Structures are given as structure tokens and as C-alpha cells.
Amino acid sequence: MQTPGSTVLGYPRIGPRRELKRAVERYWSGASSAEELQSVAADLRRDTWAELAGSGLDSVPSNTFSFYDQVLDVARVVGAVPERFTALGLTPLDEMFAMARGHEGVPALELTKFFDTNYHYLVPELGPGSRFALADRKPLDEFAEALAQGVLTRPTIIGPATFLLLAKPAPGAPAGFVPLDLLEPLLDVYGQVLAELAAAGAEWVQLDEPAFVADRSPAEIDALGRAYRRLGELADRPRILVASYFGDLGPALPVLAGTSVEALALDLVAGRADSAAAAPALRDKTVLAGVVEGRNVWRTDLDAALATAATLLGTAGRVEIATSCSLLHVPYDLDAEPALAPDLRERLAFARQKVREVVLLSRALRQGRDAVAGEFAETGGVAAPAQRDERVRARLDALGAGHYRRGSAERRVAAQRAHLGLPPLPTTTIGSFPQTGAIRADRAAHRAGRLDDAEYVERMRAEIARVVRLQEDIGLDVLVHGEPERNDMVQYFAEHLAGFATTDLGWVQSYGSRCVRPPILHGDVSRPEPITVGWSTYAQSLTAKPVKAMLTGPVTILAWSFVRTDQPLGETARQVGLALRDEVRDLEAAGLRIIQVDEPALRELLPLRAADRPAYVDWAVDAFRLVTGGVADSTQVHTHLCYSEFAEVVGAIDGLDADVTTVEAARSKMEVLAQIGPGVPRGLGPGVYDVHSPQVPDVAEIEALLHTAQHWVGPERLWVNPDCGLKTRGEEETVAALRNLVSAATAARRS
Ligand code: GLN
Ligand code: ZN
């Protein structure tokens, strides 16, 4: 076959009912055997291949399955397994899980976000001493497994250049070493994989190189060219499809076009069709036009998609239809959501429906639009417009610059000092307290109608009262209500705002066995009635100390939802901002003196290309300031950011103009302060307790961190708090850690 044909770049793998999550967690807990786990996995692979092969796609991907993460899988295939794991002497399956989750004190690989998605991958560790060898045959085994089932697949593997760019130097690697230095030896192993795939009968292989839709140095782009010239020249290999996604290849496109790979996949949703159309070297290549969006749940506008694909017809040797990226990032099946409103349903497409769109578009491209006119009208009829709320639009139009601005920082500091009366180095937490099984059960029972409203409120209030008493007993200065009523910091708000829908089974893998159900932001957003005010007011009524009210910010709500695409993101963010502004106003009127607006996803949405960032920062900052810009000088605004890579967002954080910013810092031993400390004036709370670890930090340890922090943040600006919310921690360890935190702050105040 000269062309891979129409296809999807990848598919969900957790199972339509999260079968893989359950099987993996059963195995981890010791409740099932490796054989049982393997058999669930094999069933899922078999069902996926059968479904895709039966759907009319020309080419079915394989190796889209993973027990945990596809980047980790490549590290194992090429033998990039740090010694601390091989030394454990585990089975291959357990060694893989040890790399993902740690094992008896041996720390896991670092987990971080995959480009600008909410999927997390494990960061390979490479040093000058790393030796590659074909150490795990997963892509080969799965190819053979599918073939035995009668499906000739196209194995998909993260490409060598992206793999190296996603890796980090191993601890102890000499300064100046970069993983990309290892390209040549890595290509030896990729060459071997390709040769073996060819011998096994593979006609096509897909190598993913999404790293090149971000800004890359000339040396990095050069390495990409070297890699594919070398792989292209191999005598025994399948045809190569290089897949790019999440943006535009920019200067990397002509470089790839100049190699002898047979096909390129381009993301024509996030990237630009015109830049591909302008690349003359594509004449002898097949281009997979990624016109069916893989990262969102909206139905494709089939005519527009067809037109976009058609712009390449004069440029590329051959054009085929594909998804813009893997469908890993969307739920399986819209048909599993009968409860969604019909006028919303008809605007949606999940993975299964998107496969049908690809097939249909491919037929339209080959046989002409007329041949599929009927199906186009049925599946792709222009989707119903988003529900509009003229009141929201009029209110937004009427806003002026003053709505986004608070009083001067000096005036705020003075007013808040008088209003709050806090000691120096005030202590606080980030919001949530440990969520016990009983709380979760109460929420589930209430949702299912087994617990009536009155009884539910009673139980949540009892928990809030318990958490307030506990915080007073520990001696914290700024208290929280503990967030027992929240299932998830975004879903909770989505359930209470107009313009959102939530799903029952719309699960998407976030990392490992963890899945999320992103809400669907489908129409104009508003707040029908107060959301958090009752809970926060109740907490404040129990104590003389200030209680900090807790909201999720507009950027994070957008980042963790499927967002309408019929208007600019900034416009949607302002609508969410306005709804939250109403909540803030009501909280302030109800007597809450401190309000925290969490924006942990501020960095996640940062565009991959630097040129696109200023526009993003503008709307992100505007939306946040719309939430908080209406409060009195004496009301203290906090924000919380939970990641530790600040270099690119210091300006944005400063722009938020929060009175206090809390950040994750304990794990990096306060290193982040070098980036953020001097750049962000006002209050700063670098976390001194790593909430991702069950270890209780002792007083001396916290004091040492505070000592380091004071080097960057003067005592009049420093806050003392954990890294993040405590909801995943156990009760006992949390109480012990917070007691130590308060003792350390008390000691630091004296010195
Ligand atoms: N307020 C939230 C909590 O404490 C913040 C969570 C987060 O930053 N991801 O749970
Ligand atoms: Zn956090």
C-alpha cells in the first residue's frame, strides 16, 4: 500500500467502563494475579482492533495500548531503565510499575504534563552512560497479537527525537549534557525495531514527533532531520508515517519533507493548513490531514473539514483523512450518555463517533461530496448553535477597565493588616482536608437520591465543624472549610453553573489508572445561585479566626473541561470570570475576609509557541482579575498554583495581582523561589510540606525550608503552608504534619 489511508492516530485504552483502571488497581492491591491483569488487557486490545477494523478505517493503529503511559513504554523498549529499578530484581511488569509509582522507597520517575494536555507522562532519565538495546518487545508483540486476530495494524511509537526531548538528564549527569546527544545510539534501536516489524509483515509504522510543534532550536530541528534521514535510508523497514499534533510543525515541516519518510500527519485543527500547502517538498508524500479534532468532543463540521483537507490536494502527493491527534484525550462513546440533553448531544462526537467522521470524510474525499451527501446531512448537519444568554453578553459588554483593577498594593496591605490582624509568617492550608470514605459515600448517596438535602447538609456541616475545630486546635491562623462537598475542583463548579454539562462515563486518562471526566462547557456561562457561600459562611460562623473561601479560577475551569470552540477562549473565560465574580461579591457580603481563587492550570494552557503566549496571558489575567477586581482593599485575595515550573509564567502570576500566592515548592527544596521570589511582589507561600508523599516532615526540616525561603521572600511577605490540598492524604499524617508546620512557623517568628 502506497498510503496508510484514512486513520486515527490513536485510541482510548482505559476501557469503555474503565476496565483497565479496575484491573490494574486490583493487581496493585494484590487482589489479582499478573495473568488476570494481562487477560483484561488482551481483551481490551482485541476489542479495540476489532472495532476499528470493522469501522471502515483503511489503517488500524496498534501499540496504542499501555498499562500506564506510552512514553514509559518507549523507555522500556529501548532499555532506558535506571539502575535503581533494575536493581530491584522485579518481573518486567512490576519493574514497569515501579518506574511509574516507586517501589519500597525507590522513587518513581518524575510525572509531568504531556505538552499542553491534561495527560501526564513519566519523564525518562538519561545520562551519558545510558546504553540502549531492544529490551522490551511490546510494539512487536502487539503487532503480532493483532495479526493473529486477522488485523494488519500500524504500530504507533513515540519518535526518537521527541522521546529524547521529553527526557531529562539523569541525576548526576554532567552539566551541558542533553538527552538529544544520545540520538545516534537510540536510532540503532529504532532501526532494529523497524527491521523486526518489517520482517513480521508490518507495512506501516507511525512515529510521533509532537515535540516539533513547540519552538525548537536549529540544532534540535537538525537532529530531527538527521533522525529521519537515517531511518529513511534503512533497507528493511515498513513505510514511515511521522505524526505531528497539538500544533503546527513550522520550520520542522520542510525538514521532514526533505527526508524519505513516506507520510506525514499534520494537525490541521491546532495547526495551519496554509503552512502545509506552502511546502512544495510534500509532492511525493502522503499527507494525513488531521481535520477531525482528537482533543475535543465537538462534532466535526464536515464541509469545513473537507475543504481544509482539499487545500492540500494540489501540494501533497496524496491526501488522506485523520484525527488531529490520538483520540486518547476524548471519552469512548457518546451513546453511553443517554442523559445528555438532545440539543447538546447532536453537537457532540466522542471517539467512536469521530472514527465514523474520519471514514465519511475519507469517502467524500475519494468519491466526491455528492456520493456521501445524505450521510453528511445526517451526521454533519451544521450543529445547533451554542445556547446564548443575552444578559451575560450585555453585562460583559458594559464592563470597563475599573472592573479588572483593585486598589494599590500599599493601600491593600494596610487595610488587610487592620482587617485581619494576622501574625507575621501566617499559617494556612490550600483548601481541602482528607476526604474520608464516609464523606465520599455521603456525596454518592446524595447524588443518587438516597440521602435527602437536609440530611446531606447536616453531614457536610458536621465535617466542616470538625475540620474547623481541628484547625483551631492545631493553631493555624487562616482556616478553611475543608471542601468535603466537592468531588472535583472543576466538576463541582461545572455542576452549579449554567452553560455546562457533565457526563456519566466520559472518562479520560489523566495518568496511570487515574481518569477524569471533564465537564462540557457548551453555552454561555452564568451562575443561577450562590454555590459556595453557604458552606464558607457556616465555617466562618464557628470561629473568630478568618476563614478563607475557596473557588476554582476561570483558566483552570477551561483547562479541565471540553470547551466550546465557536468563540475565542478568552471570551468564554470572561463569562466564567463574571459568574465567579458574582460568587466573590456574595462571599464578601457574607463576611468572608479572605477569598482564594485556585489557578493550578495557569501554566498548562500556556501555548506551546512563545509567539502565542502574550495573547494567552492577556486573557488569562483578565479573566482572573474580573473574578477578583470587585472586592474591597481590606478583602484579601489568594491564589494557588500547584506546579513548580514558573520561569515562563512569572509575568502572568504577577499580573493576577493576588495579595497572596501559594505555590508548590517543598519537593524542589524551594528552588522555585529563584524563579518566582523576586518577580512576584506581595504575599508568597512556598509550600513547606510535600503533600504527594505520606511522609510527615519534621519541625527542623520545615524550619530549614522557611530559612531558605526567607532568603528570597522577606518575613513581611512570607506565608507558611503545604504544597497543595490535603484531600488525598490520611487524617493522622495530615494532623501531625500541620502541627509540625505550626511549630516551625512559631519558631521562625522568634528567630
Ligand atoms: N483548593 C484545592 C484543594 O485544596 C486546590 C487543589 C489544587 O491545587 N489542585 O484541594
Ligand atoms: Zn495545588
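Here are some exercises with worked solutions on a predicted model.

Residues are numbered from 1 along each chain as its sequence is written, while chains are lettered from A and ligands numbered from 1 in the order in which they are written. Because this is a predicted model, local features need pLDDT of at least 70 and side-chain atom pairs count only at pLDDT 80 or more, whereas totals for chains, interfaces and linings use all residues.

**Exercise 1. Find the order of the strands in the parallel open sheet of 7 strands, and its edges.**

Step 1. Helices (H or I, at least four residues) and strands (E, at least two) are DSSP runs, numbered from the N terminus. Two strands pair if DSSP finds at least two bridges between them.

Step 2. Follow the strands across the sheet: the order is β1-β5-β7-β8-β9-β10-β11, with parallel pairing.

Step 3. Look at the ends. β1 (60–62) and β11 (318–323) each have a single partner strand, so one side of each lacks a neighbour in the sheet.

Step 4. On average, neighbouring strands here are turned by 30° against each other, direction ignored. Axes are lines fitted to C-alpha atoms, for helices over the stretch in contact, and angles run from 0 to 180 degrees between N-to-C directions.

Step 5. Zoom in on one pair: β7 (residues 204–208) and β8 (residues 239–243) run parallel and are joined by 5 bridges. Leu207 has Val242 in β8 as its bridge partner.

**Exercise 2. Describe the open sheet of 3 strands and the helix that packs on it.**

Step 1. The strand order is β12-β15-β17, and the pairing is mixed. The edge strands, β12 (498–501) and β17 (562–563), each pair on one side only.

Step 2. β12 and β15 (residues 520–526) run antiparallel, joined by 3 bridges. In this sheet, Phe500 stands opposite Leu521 in β15.

Step 3. Two residues are in contact if their C-beta atoms, placed from the backbone, lie within 7 Å.

**Exercise 3. Work out how α12 and α14 pack.**

Step 1. Two packed helices are described by the angle between their axes and the distance between the axes.

Step 2. For α12 (residues 302–310) and α14 (residues 351–367), the angle is about 55° and the axes are 10 Å apart.

Step 3. The two helices are therefore oblique to each other (angles under 35 degrees count as roughly parallel, over 145 as roughly antiparallel, 65 to 115 as roughly perpendicular and the rest as oblique).

Step 4. Leu302, Ala305, Leu306 and Ala309 in α12 meet Glu357, Leu360, Leu361, Ala364 and Leu365 in α14. This contact has 8 nonpolar residues, no polar ones and 1 charged. Ala, Val, Leu, Ile, Met, Phe, Trp, Tyr, Cys and Pro count as nonpolar, Asp, Glu, Lys and Arg as charged, and the others, Gly among them, as polar.

**Exercise 4. Trace the hairpin formed by β13 and β14.**

Step 1. β13 (residues 508–511) and β14 (residues 514–516) pair in the antiparallel sense over 3 bridges.

Step 2. Val508 stands opposite Val516 in β14.

Step 3. The hairpin has 2 residues between its strands, and Gly512 in the turn has a positive phi of about 50°.

**Exercise 5. Which residues are closest to ligand 1?**

Step 1. A residue is near a molecule if its C-beta atom, placed from the backbone, lies within 6 Å of it.

Step 2. Ligand 1 is surrounded by 13 residues, and the closest are Gly431, Ser432, Pro600, Cys642 and Gly725.

Step 3. By class, the shell around ligand 1 holds 6 nonpolar, 4 polar and 3 charged residues.
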